[in-house]
Structure formats: structure tokens, C-alpha cells
Amino acid sequence: MKIPSIAIIIASSLDGRIAFPNGGESHLGSNKDKRILDESLSNVDATIFGLGTLKAHQSTYLVKSHYKNGAIKISKNQPISIVASNSKKFNKDWSYFTQPVKRWLISSNKNNELENIDFEKEIFFKNSWSETLLNIKKAGINRLALLGGAKLINSFIKEDLIDEIKITI
């Protein structure tokens, strides 16, 4: 069995800081950039990012539908949002936990229980991302978008798992 196809989809400002001090969705790029991002994310089954990215933004990007009349609305079909974290300490007040997405957690930490945090599924990290991604594939994920952070992206690159890279500056 093959692992899911993986695309890195990231945005960066010239100074490398895109998160607002109080978290929330970053507002970078042109309308064309946002449309391309929405099209890219509407074609994946799931997104994955690390805890540092979640802490910085306190949310995930919600895919928008773009209409011919110029209207833009949050899509009813959102990819599954996967957080990769060995820590299971999450702030219940983050808007992430009220966003209309299915949430999964990947962790190698089998000791701590998730307390009152809304993750539909927990997948345990195996010996490598390659092995872990086989379990994700078995769960029905065929196309995965890697949204950040640097440590997580680097770990995927080290295992030569990236099929595509899309960067907006």
C-alpha cells in the first residue's frame, strides 16, 4: 500500500512571521493567491500541521467557495484537520475547537488522556512518518496537505515524502 500523496502548502511574509499576536487566520496574499489556496485545499482529504502552528494561529484555515458573482463563502466540505503533537495540552478557548472541521490528532504520547478536547480520532505515531502515513491511508486519506510548521515539514522532507510544494510569499 502506498502512502497518501503529500503537498506542502505554505505562506510566508518577507520577515517570516504570518501569525497575528492574538492568533487567528492570517491575511496574506492577493485574492488570486487566496483562490489558488482554496482550490488546492478543496482537493485534499486532510491537512496536517504541528502544535506550534496551532498555538500561533489558534485556528485552521477554512476552505472558501468562490462564486461567479464574486461571493465567497466558507465551504461546507472541509478537509479533515490533523494536528501532530506529542503534547496533549490544548487550550479549549482556541477558535480551532469551534471551527466546522473534523479534528484528528497524531501523537506518539500514549500516556496522557485527552481531557474534554474534541478530536474525533487519535492516531499513534509509529517509528517513522512513512509508517504512520500508512495508517492514515487506511483511514481513507489519499491526499494530504502539510500546512506547517518548520519542524514538521523538515521531518517529512528528511523521509523524502513530499510530492509537491506550493509557497505564497
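## Strands and pairing

Two strands count as paired if DSSP finds at least two bridges between them. In this predicted model, β6 and β7 are joined by four bridges and run parallel.

Strands of a sheet pair through backbone hydrogen bonds, and the pairing can be parallel or antiparallel. The sheet in this model is open and has seven strands, with parallel pairing. Their order across the sheet is β7-β6-β5-β2-β8-β1-β9. Each of the edge strands, β7 (121–124) and β9 (164–168), pairs on one side only. On average, neighbouring strands of the sheet are turned by 25° against each other, direction ignored.

## Helices on the sheet

Helix α1, made of residues 31–42, packs on the sheet. The strands touched by α1 are β1 (5–11), β2 (46–50), β8 (143–148) and β9. The direction of α1 makes about 155° with that of β1.

Helix α3 covers residues 129–138 and lies across β1, β2, β5 (80–84), β6, β7 and β8. Relative to β7, helix α3 runs at about 145°.

## The second largest pocket

Rolling a probe the size of a water molecule over the atoms shows where empty space is left. The second largest pocket holds about 320 Å³ of space.

In total, 17 residues line the second largest pocket. Those that lie nearest its centre are Gly50, Ala84, Ser85, Lys151 and Leu152. By residue class, the lining of this pocket consists of nine polar residues, seven nonpolar and one charged.

## The cavity

How many cavities of 30 Å³ or more does a search of the whole structure find? The search finds one. About 40 Å³ of space lies in the largest cavity.

The lining of the largest cavity is made by Thr47, Thr60, Tyr61, Gln78, Pro79, Ser81 and Val101. Four residues of this lining are polar and three are nonpolar, while no charged residue takes part.

Definitions and conventions
Residues are numbered from 1 along each chain as its sequence is written. This is a predicted model: local features need pLDDT of at least 70, side-chain atom pairs count only at pLDDT 80 or more; totals for chains, interfaces and linings use all residues. Side-chain values use heavy atoms; hydrogens and water are left out. On a 1 Å grid over the protein atoms alone, a cavity is a set of points where a 1.4 Å probe fits but cannot get out, and a pocket is an open set with protein on both sides within 12 Å along at least five of seven lines; lining residues have an atom within 4 Å of a point. Grid points are joined across faces, edges and corners, and a volume is the space filled by probe spheres set on the points. Ala, Val, Leu, Ile, Met, Phe, Trp, Tyr, Cys and Pro count as nonpolar, Asp, Glu, Lys and Arg as charged, and the others, Gly among them, as polar. Helices (H or I, at least four residues) and strands (E, at least two) are DSSP runs, numbered from the N terminus. Axes are lines fitted to C-alpha atoms, for helices over the stretch in contact, and angles run from 0 to 180 degrees between N-to-C directions. Contact means heavy atoms within 4.5 Å.
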